[in-house]
Amino acid sequence: MIDLVQNTIDGVMIGSSYGLLALGFTLIFGVMRRLNLSYGPSIMIGGYVGTVLYVQYGAGPLAVAGTMILGAAIAGIYVERLCFAPMRMGAGIASMVSSFAIWMQLEQAAILVLPRHTYPFPPLTTGAPLEWGPFLLRLDHLIMLGCALGLTAAIQFALYRTRFGLALRAIIGNPVAAHLVGINVSVAVMLAFAAASAIGGVAGFLVLSVDQQVTPMFGMWATLKGLIAMMIGGLGSIPGAILGGLLLGVVEAHCQWYFGPQIRDLAAYIVLFVFLLVHPGGLLGRAPGSDIAAPRTP
Amino acid sequence: MDDYLIGVLSNIGVISFIALSAYVLLLTGEISFGQQAFFAIGAYAAGIATALWGWPLAAAIVWGAAIGAGSAILVGVPTLRLHGLYFAIATLAFAEMVRILFELLRYQVLIDGEWVGPNGADGFRNIRYIFENDISSLQFMILIYAVLVATLSMFLLLERSRLGVIFRMIGEDETLAGLQGISVARHKVLAAGIGGALAGIGGGLYAHLTTYIEPRSFDVMLGVHSLAYGLIGGLGTAFGPLLGVLIDIGLLEAIRALAGYRMIIFGGLVAILLIIRPRGLLDEKLVHKIGRMWRLILPRGGRVKLGPSGEKI
């Protein structure tokens, strides 16, 4: 029983990082109706900038976090300008494949600059875990959960209570009409993209500081986990992204404990597959209707 | 020919099959991230058939293709109700499930005092058919290309047939195709089955080419690459995905001097190419233009006219 609860707690904590990854992903998807495969690799680039700062200049965790988030946002803007901005209308598959090509490029760039397989990453906290009855709570995990909930609220607020959010929602509704009422669609989309990558950067920093290392494989990991959590939670839904991440985390934690890492990964994909077949809208998303392969109606 | 060139060319030939397999689904407007699953299934099925059951190679390849097609149809029936991204992610989930299941698959038989067969994550060693039967690597390369040419000719016939027209029509506008009385679901499942068979053939050849397969080789990277080939090469003709493979593997091998920078150059080139030509180098317009020029040279008898729903008139 203690194991069960402890695993659930750990799952919720790890799941909050999946939720954060999904949050950035779903923001990009919501605005662009396009899948950005380079999402994880952009975060990985941020991580590499962070580790350089840490290893070469001995920067503290906060400075590393700042540069990592900035690095991820800049990499995100690069991806948007090259893969998405030139083909805003139609050509959804082309954007996706193009973002895959840039993924390969970013990964190679990271390996070129730092050729060793793993690099150290600063831990956020080094204290002993908090004890709460028979259960253990890691401080960095709690920060992760706090960030996930805080950022979800912030995004929700920004989308529904600010002028920029209003502009984004107008673009989501109809980009041509948004353009006609004077919204600078190109800039707004680029900023949304940068914000999404920055959220990914926060998630990436939290995960890497728990792992205390960064490898080139982190890009693929982040893309896949974000994608699974986003689809389980419901495509385009912001609270759904967090819920999907938490569910994924809890399922993974239990499967890891009882059956080992292979079954853990298998279970994640089974949950995703079953959700897509039975309830493709996910936990909180709307039922699928729009098709990324089809051009958006002008 | 030196061994290196044979190796590269054999690789191009084998990968062409999985590129074609992703291309069939692209024709019907569906993106699959999961064709590597059927490639893996074909590879394991054919490898088990020759190494463990002592089947001849031809039978094993056909078996791999059949299993590939069968599993693609089984997965296609429930997943093809989904569209676009939902279908793409469902195929991705399926392919990763298959990969992990192969990591758990242990099926070994004692042959000549040695355990042979899939051994979980350690892979499946000693698929020694081509050594045991004294097939040189050059001969095997010729075999790969013979199968590829045969497949490709069938494929080109298919593209010119009523079925090919229906596939493209579904890809253009599913609703309209449905209104014309075409069973969209059935044709998509058929396309998935053809794709599964193609990937299965490729997988069977791959297993015998490398003599060693492991689940790790069939990861998402392979799937996304095979999808990208069609888009780089062009969606206008079956030569498109082949051109994509040729550009990727051929060009990258050619510029080995740039070792550390090759993905940087290649990734950038692909991104720029897709801005200029979002449907690839050999896109429908270019293929149509080439076809028109071709028909100007050829006598009138060589033309095939198509009626509104694709029948010959």
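This is a predicted model: local features need pLDDT of at least 70, side-chain atom pairs count only at pLDDT 80 or more; totals for chains, interfaces and linings use all residues.
Figure 1. The largest cavity holds about 100 Å³ of space. Its lining comprises 14 residues, and those closest to the cavity centre are B:Gln35, B:Phe38, B:Ala72, B:Phe87 and B:Thr91. Helices H2 (35-51), H3 and H4 of chain B are the elements that each give two or more residues to this lining. H3(B) gives the most, with four residues. By class, the lining of the largest cavity divides into eight nonpolar and six polar residues, with no charged residue.

**Figure 2. The second largest pocket and its lining from both chains.** The second largest pocket contains about 1,100 Å³ of space. A total of 38 residues line this pocket, and A:Tyr18, A:Trp221, A:Lys225, A:Arg264 and A:Asp265 lie nearest its centre. In chain A, the elements that give two or more residues to the lining are helix H1 (2-32), helix H8 (185-211), strand E4 (213-214), helix H9 (218-233), helix H10 (238-259) and helix H11 (261-278). H4 of chain B also gives two or more residues to the lining of this pocket. The lining of the second largest pocket has 19 nonpolar, eight polar and eleven charged residues.

**Figure 3. The interface between chain B and chain A.** Contacts join 46 residues of chain B to 42 residues of chain A. About 3,900 Å² is buried between the two chains, and carbon and sulfur atoms give 84% of this area. On the chain B side, the most area is lost to chain A by B:Leu85, B:Tyr86 and B:Met221, which together account for 18% of what that side buries. The count of salt bridges between chain B and chain A is zero, whereas four residue pairs are in polar contact, with both residues at pLDDT 80 or more.

Figure 4. Helices H3 (57-79), H4 (84-104), H10 (220-233) and H12 (262-276) of chain B each give two or more residues to the side that touches chain A. H4(B) supplies the largest share of this side, 14 residues. The residues of chain B that touch chain A divide into 33 nonpolar, eight polar and five charged.

**Figure 5. A salt bridge within chain B.** Side chains of opposite charge can pair when their charged atoms come close. Over all chains, the count comes to 15 salt bridges. One of them is formed by B:Glu30 and B:Lys188, with the closest N and O atoms 2.5 Å apart. B:Glu30 is located in the loop between helix H1 (3-27) and H2 of chain B, and B:Lys188 in helix H9 (residues 184-210) of chain B, so this pair ties together parts that are 158 residues apart in sequence.

Key:
Residues are numbered from 1 along each chain as its sequence is written. Chains are lettered from A and ligands numbered from 1 in the order in which they are written. Side-chain values use heavy atoms; hydrogens and water are left out. Contact means heavy atoms within 4.5 Å. Buried area is the accessible area (1.4 Å probe) that two parts lose on being put together, summed over both. A salt bridge is a side-chain nitrogen of Lys or Arg within 4 Å of a carboxyl oxygen of Asp or Glu. A polar contact is a pair of N or O atoms within 3.5 Å; within protein, one must be able to donate a hydrogen and the other to accept it, and residues adjacent in sequence count only if both atoms are side-chain atoms. Ala, Val, Leu, Ile, Met, Phe, Trp, Tyr, Cys and Pro count as nonpolar, Asp, Glu, Lys and Arg as charged, and the others, Gly among them, as polar. On a 1 Å grid over the protein atoms alone, a cavity is a set of points where a 1.4 Å probe fits but cannot get out, and a pocket is an open set with protein on both sides within 12 Å along at least five of seven lines; lining residues have an atom within 4 Å of a point. Grid points are joined across faces, edges and corners, and a volume is the space filled by probe spheres set on the points.
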